[in-house]
Amino acid sequence: MASITLENVSKDYGSGVVGVRDMNLTIEDGEFMIFLGPSGCGKSTTLRMIAGLEDISTGRLRIGERDVTRAAPRERNVAVVFQSYALYPHMSVRQNMEFGLKMRGMAPADRAARIEAAADILGLQPYLNRRPAALSGGQRQRVALGRAMVREPDVFLMDEPLSNLDAKLRAEMRLELIKLHRRLGRTTVFVTHDQVEAMTMGDRICIMRDGNLVQVGKPLEVYANPVDTFVAQFLASPQMNLVEARLNGNAGAIELTSDILSFTLPRFLHAAFAKALGRAVIFGLRPEDIHAEPRPGAVPFEASVVAIEALGMENIAILALDQSGKRELSARLGRDFSASIGDRLTFYADVARMHLFDAETTRAFPRGRME
Amino acid sequence: MLRVLSHLGLCLACLIVLLPILWVLRTSLVPESLSYSTSILPAVTFENYASLFADNRFGTNYMNSIIVAAGSVILAMPLAAPTGYAFARFRTSGRAGRFAVLATQMLPPVALALPIFMLYRSLGLTNSLFGLTLVYTAINLPFLTWILMGFFEAVPRDLEGAAMTDGATAFGAFVRVVLPVAAPGIAAAAVLGFIISWNEFLFALILGGPRTATVPVALAALQTSNGVEISKVSAGVSLAILPLMLASRFIQKYLVQGLSFGSVK
């Protein structure tokens, strides 16, 4: 059991290419930490640096109390589950799981006991003598997990382990991984670019962009208080709607004006957004905060329905605010919503749940807790 | 109908390619006096084969070829595999290093023949199978390194990562995981190296003597002052291509099998 501490960790590939920049992060003992970000943001590089598979250019890395900055991968007692699974193709499932135990000089009887136990948990008993080539994607994924489990490492490092599975299997494995983490209680770092995985699996999310750590926090906290427009848009699908606007007025009445939507800010937000007075801002509203029916405090606006994605449990409507159709918002509406393409209807923006960002820096004006 | 036509076309193409080889086989089974006859099989005899072994010590030549060809591969492979791996995985000596490996293949062998002969004479390595094996090792080493580099590049890096986090050293990961996964490629490279050594003529002629003559040298020697004994030459050629045919069959199987099927995705 161990915590992971990154102190000013950077990865410099030379000739100006930087993979990770000055990262500071502490992952608590037993925590399930998600690294989330688009391709090339440095999340996998960070994971590989923790594993020892990538050199750390500058900075320090500690696992537990031990400084492992320059330690070889085998000296760190971590187990990696790769996106590609990286099963040894010339070995059976049993041998794959046994390899790490053999390398550590464990007695054959103990090895067998651990493999049996892991195979029971993961339902791999019938496949122990098969080679990876004779397994399905889901089974290979389990073997990769089993290979990591039997080692009983201090830290599990998982590099997009679910991304090669189909949607149904992915949902199943997601749940199994959560259960497994509860059962084993090991510190886990899980790299993904999937927001659903990030929101549902982790104790905390660490969002990265262009090699920088952008925000760390509990999933719902990050969702409620994104630090900038990047996080606001990345952490949900459909993305948060962003509209360029301006804040005018005084402490008594603050008016938000944009070329498509203008309203007076709810009083309880005045304190949070007073700093933005007189500045160019970006107004953000999540699709679920746009409604088809009136709500107390919601601001009505007219829009044309451009497209409807009927998902059964809900309808995602794309709304055009002006005639040109250039200004589009997405709205997550109830399953009973029905309209024809081209209909011009009144919708209601729940501005009490709005977000506000500086137009210049894209940083958020913190709004505090959601009501 | 189209199927039949395309099969006929393919059969014809095969025949054109195979005809010279089939004709050599046919001539090896025909008495010398009838070897230039236009009929397909005027008579069948194994006399040419028997005479080759009885009168020309072809058995010794054959064994010499096997020793130097296999020996050179056995000596070169343990050096070529780590070298190829280093080039494939690390920035070892950069592009210049890779080019240097390839550059050795650009030199015409005849340019090396004289210096090597002088060197060998002073070292007393001429007319020895060991000396010839060493030359073939030197010829094979860059070639095998180059081929293996490609095979190692195709081995997923994650496999080494997995082995190293599982407790192996970098060298341990190479020996326990990369080598077995690349085994089909290594086998294919070994066969190619064997074929190169098996067919080599120039060095075998210059550095060898009657005791160490290999198959290509022995076949050339069948051209005597009495003319070419074509049936005997054909018998020798048929025997010479036998291991190559078996070897080609072997590489085909392993090359098609692919490198790391099933390890990823």
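The model described here is predicted. Across the interface of domain 1 of chain A and domain 2 of chain A, three residue pairs are found in polar contact, both residues at pLDDT 80 or more. Chain A itself is divided into domain 1, residues 4–226, and domain 2, residues 234–365. Chain B is likewise divided, into domain 1 (1–45) and domain 2 (55–259). The two chains touch through 20 residues of chain B and 26 residues of chain A.

**The two domains of chain A**

- Taken over C-alpha atoms, the centres of domain 1 of chain A and domain 2 of chain A are separated by 38 Å.
- Domain 1 of chain A brings 13 residues to the contact, and domain 2 of chain A brings 10 residues.
- About 920 Å² is buried between domain 1 of chain A and domain 2 of chain A, with carbon and sulfur atoms giving 66% of this area.
- Gln195(A), Tyr223(A) and Pro226(A) supply 63% of the area that domain 1 of chain A buries against domain 2 of chain A, which is more than any other three residues supply.
- On the side of domain 1 of chain A that touches domain 2 of chain A, at least two residues each come from helix H6 (195–201), strand E9 (204–209) and helix H7 (219–224) of chain A.
- H7(A) gives the most to that side of domain 1 of chain A, with four residues.
- The residues on that side of domain 1 of chain A comprise 10 nonpolar, three polar and no charged.

**Strands of chain A**

- E9(A), which supplies residues to the domain contact, is joined by five bridges to strand E10 (residues 212–217) of chain A, and the two run antiparallel.
- Within this pairing, Ile205(A) has Gly217(A) in E10(A) as its bridge partner.
- E9(A) and E10(A) form a hairpin with two residues between them, and Asp210(A) in the turn has a positive phi of about 50°.
- Five other strands of chain A form an open sheet in the order E15-E19-E16-E17-E18, with antiparallel pairing.
- Strand E15 (290–291) and strand E18 (328–333) of chain A stand at the edges of this sheet; each has a single partner strand, so one side of each is left without a neighbour in the sheet.
- Strand E16 (residues 299–310) of chain A pairs with strand E19 (residues 344–349) of chain A in the antiparallel sense over six bridges.
- Glu302(A) has Thr346(A) in E19(A) as its bridge partner.

**The contact between chain A and chain B**

- The area buried between chain B and chain A is about 2,100 Å², of which 62% comes from carbon and sulfur atoms.
- Two salt bridges are counted between chain B and chain A.
- One of the salt bridges links Arg48(A) with Asp158(B), the closest N and O atoms being 3.7 Å apart.
- Nine residue pairs (both at pLDDT 80 or more) are in polar contact across the interface of chain B and chain A.
- Helix H7 (157–165) and helix H8 (170–181) of chain B are the elements that give two or more residues to the side of chain B that touches chain A.
- H7(B) gives the most to that side of chain B, with seven residues.
- The residues of chain B on that side divide into 10 nonpolar, six polar and four charged.

**Chain B and its domains**

- Chain B contains 12 helices and two strands.
- From the N terminus on, the elements of chain B run α-α-α-α-α-α-α-α-α-α-α-β-β-α.
- The C-alpha trace of chain B spans about 70 × 70 × 30 Å along its principal axes.
- The C-alpha centres of domain 1 of chain B and domain 2 of chain B lie 32 Å apart, and each of these domains brings 10 residues to their contact.
- About 650 Å² is buried between domain 1 of chain B and domain 2 of chain B, with 62% given by carbon and sulfur atoms.
- Val24(B), Ser28(B) and Glu32(B) supply 57% of the area that domain 1 of chain B buries against domain 2 of chain B, more than any other three residues.
- Between domain 1 of chain B and domain 2 of chain B, the count is zero salt bridges and four residue pairs in polar contact (both at pLDDT 80 or more).

Terms used: Residues are numbered from 1 along each chain as its sequence is written. Chains are lettered from A and ligands numbered from 1 in the order in which they are written. This is a predicted model: local features need pLDDT of at least 70, side-chain atom pairs count only at pLDDT 80 or more; totals for chains, interfaces and linings use all residues. Side-chain values use heavy atoms; hydrogens and water are left out. Domain bounds come from an automatic or database domain assignment. Contact means heavy atoms within 4.5 Å. Buried area is the accessible area (1.4 Å probe) that two parts lose on being put together, summed over both. A polar contact is a pair of N or O atoms within 3.5 Å; within protein, one must be able to donate a hydrogen and the other to accept it, and residues adjacent in sequence count only if both atoms are side-chain atoms. Ala, Val, Leu, Ile, Met, Phe, Trp, Tyr, Cys and Pro count as nonpolar, Asp, Glu, Lys and Arg as charged, and the others, Gly among them, as polar. A salt bridge is a side-chain nitrogen of Lys or Arg within 4 Å of a carboxyl oxygen of Asp or Glu. Two strands pair if DSSP finds at least two bridges between them.
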